[in-house]
Amino acid sequence: MRKGSDEREWSRIAQRMRGSGQERDDPAVCPPAVSGQMLLIKPRRTLRPTTEQRIRDRRMPDRELVESVVADRAARQGRDGFWRRRVAEMSRLLLAVRAADGGGLIPVEALQDLPCLRSAVGQVLQQAGLLDAPAGWTPSPTLRGVRQPRPRSCLHCQAWGFGVRCPGCRGRRDNQDNFELGACTRCRCEDVLLQDGLCRGCSLDISLHGIEVREQTWRQLMLGAPFTFNTTVRHAYVRHEPGSPARQSHWIPPPPPRAVSEHRLAPGQEPLFAMRRDWRRVGALPLAELPGLTAGDDELLAELQAEMDRHQWSESPRTYCLRNLRVLAAWVGTEAPIPEEDIHALAADAPRGPGRRLAQFLSGKGLLVPAPRQDVDRLQVERLLAEHTGQIADELRVWVTVLRGGGRWQHPATTWRAIRRYLAYLRPVLAGWSASGISTLREISRDDMRAVLDAHEGRAAEAVHVASRSLFRALKQERVVFTDPTRGLTVATVKRVPRGIPSDLLKGVIDRTPSPAGKLVVALVAVHALSPSEITRLMTSSLDLPKGRLTVRRPGTRHLIYLDEITHQLAADWLRERHQRWPFSSNPHLIVNQINAMDANGPATSRSTIKNIFSRLGLNPQQTRIDRIFHEAQLTADPVHLIRLFGISEVTAVRYVHAAHPERTGKPLR
């Protein structure tokens with residue numbers, strides 16, 4: 001409102017003076033003092049745009065210099081005529097103040113008396129050499145007609161900030177119908193909004209420091225916005241203990257202690273019937289509705305919290321493991337070991353399954369009943385067998401029994417992984433036979449088997465031939481079929497010649513790898529020709545950095561690698577990175593990641609992790625290994641050197657030498 005009134009007054013004075021044509025120099029406005037006279041008390045002036053109209057025609061020293069500087073800056077900055085006139089007017093005001101103060105340079109503090117454009121006027125006076133400013137001074141940007149806020153405390157809660165009222169007190173003011181106006185019964189502040197006799201500041205003080213400060217008559221200094229975000233507003237309604245003198249009717253007393261669960265496990269008691277619990281309803285309950293905890297339960301939760309802090313768990317597994325242990329402790333207790341099936345069933349809906357970490361923690365405390373371990377490959381074999389029905393399913397189960405060492409003849413058992421691969425090879429073949437109406441494998445003839453092999457090529461034909469030959473030989477041995485339709489059938493074996501990788505794909509491959517672990521993995525494959533399986537099985541104890549050696553354990557033998565300078569440095573960088581990220585990791589393997597680093601069981605990294613490192617580089621780890629051996633064979637042509645350097649077999653070494661130097665095979669070149 002003041003700004004609009006000033007503008008209207010300025011317009012009226014300008015119009016009146018423009019019409020009268022008289023000289024505008026009011027001697028009552030900033031009368032000039034004797035040049036060089038020092039002021040005893042420097043006044044604080046209130047200058048307005050209308051003040052300049054009253055002294056517009058006053059003759060002042062350096063007026064032409066200032067106006068020329070204003071015109072020059074307006075031309076260089078592309079300012080309009082209005083900006084030029086206003087800056088010139090504000091500058092003339094300070095020149096008049098300068099003359100009223102006895103001359104000399106204009107102090108920087110005088111800029112604060114201007115109603116607007118302080119920054120622009122300061123730059124003009126500084127360019128004209130009329131501003132008394134320290135070295136390196138630059139005018140601070142300010143809003144037109146608005147001064148910078150100064151720190152002050154809230155009128156009601158005394159929180160230190162920039163506003164007359166803090167956000168919490170403004171909320172009370174906006175809802176003042178819910179409060180009463182009066183004097184606080186604690187701090188004696190008058191004319192404040194009260195809730196049961198207390199102002200907001202006293203309510204905050206009691207909620208933060210406890211009921212024991214209720215009788216104090218002073219408050220602790222608090223910081224309000226914007227120095228701190230106002231988190232204490234939600235504590236404005238204080239909850240006192242029941243029976244305290246200051247307890248009011250609207251304050252909610254703490255709930256009564258909850259009883260412990262009646263389903264708690266007793267130590268040494270075994271279940272009569274083994275049943276799997278359904279935790280969906282209990283796991284969805286809020287923690288406040290669960291049964292109470294005992295002192296032992298609280299101690300176990302504190303130990304889990306300390307374990308998380310020591311191993312630097314991230315936020316997500318922290319939250320889920322603490323909640324799951326809280327639910328288990330409240331429902332089944334911690335006096336007896338907890339079944340591992342319950343832990344995994346409770347954590348089934350959580351991301352990345354935090355039940356495994358919680359099971360490891362309880363196992364270390366002796367509070368876990370381990371679940372029976374099942375072979376993943378065996379479960380997959382059972383799933384593949386369940387896809388078939390009728391007599392074919394019975395014949396397939398006889399075949400699996402024979403491969404596992406049963407049957408009429410005794411022989412070593414085949415691994416479940418190999419059986420799973422055999423069934424995967426025969427899966428489309430068996431599906432095709434069932435679709436054509438074949439109900440038993442006795443109906444398969446030699447021509448049917450030949451048609452199946454002719455429908456496949458290369459490695460696929462070889463795999464189907466090996467699996468089907470194993471199937472019918474086992475059934476013939478057990479006298480389930482009368483003849484073996486695969487007898488006498490052969491498939492051309494595909495032997496691939498080792499080939500190198502183009503140099504442009506391998507150039508800078510280590511530098512393009514982002515992580516220290518990835519750099520070491522790439523160096524072990526591209527320089528020392530280790531396979532992905534060998535890298536995942538490497539142990540930290542196998543690496544001897546002082547001697548620069550790495551021991552690779554292989555079935556029946558050990559291969560010793562002497563590290564070059566680059567691989568040695570990469571190994572040192574990775575060990576340093578691993579210790580910084582997981583200082584308490586007990587995993588004995590050399591290559592770990594965020595999934596298995598803190599696993600108490602110490603599992604190895606999966607092969608897919610190694611493949612992902614190379615896939616980001618556009619390479620294949622096995623092909624990179626072949627390229628390294630093939631390149632060495634091209635340089636040396638000595639199979640003994642390849643055997644010693646890479647630890648490969650004699651047959652493999654000769655095959656690489658023949659691929660690199662075909663003239664040494666003794667076969668005529670085509």
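Helix 24 is followed by G647, which has a positive phi near 70°. Helices (H or I, at least four residues) and strands (E, at least two) are DSSP runs, numbered from the N terminus.

The model is predicted, so that local features need pLDDT of at least 70 and side-chain atom pairs count only at pLDDT 80 or more, while totals for chains, interfaces and linings use all residues. Residues are numbered from 1 along each chain as its sequence is written, and side-chain values use heavy atoms, with hydrogens and water left out.

The count of salt bridges comes to 19, a salt bridge being a side-chain nitrogen of Lys or Arg within 4 Å of a carboxyl oxygen of Asp or Glu. Among them are the following pairs.

| Pair | Closest N and O atoms |
|---|---|
| D72 and R76 | 3.1 Å |
| R264 and E335 | 3.0 Å |
| R450 and D454 | 4.0 Å |

The pair of R264 and E335 links distant parts of the chain, 71 residues apart, with R264 in the loop between helix 7 (200-209) and helix 8 (280-283) and E335 in the loop between helix 10 (315-331) and strand 7 (338-339). R264 is buried at 18% relative accessibility, whereas E335 is partly exposed at 40%, where buried means under 20% relative accessible area, exposed over 50% and partly exposed in between (1.4 Å probe, protein chains only). A network of salt bridges links R264, D297 and E335.

D72 and R76 are four residues apart in helix 3 (residues 63-77), and are therefore separated by about one helical turn; D72 is partly exposed at 35% and R76 exposed at 52%. R450 and D454 are likewise four residues apart, in helix 16 (residues 446-454), with R450 partly exposed at 31% and D454 exposed at 53%.

R408, K476, R479 and R487 form a positive surface patch, for which residues need over 30% relative accessible area and no salt bridge, like charges being joined within 9 Å and nonpolar side chains (Val, Leu, Ile, Met, Phe, Trp, Tyr) within 5 Å. R408, in the loop between helix 14 (390-403) and helix 15 (416-435), is partly exposed at 42% relative accessibility.

Technical notes: Accessible areas come from the Shrake-Rupley method with a 1.4 Å probe; for residues, only the protein chains shown count as cover. Lys and Arg count as positive and Asp and Glu as negative; His and the chain ends are not counted. The place of a charge is taken as NZ of Lys, CZ of Arg, CG of Asp or CD of Glu.
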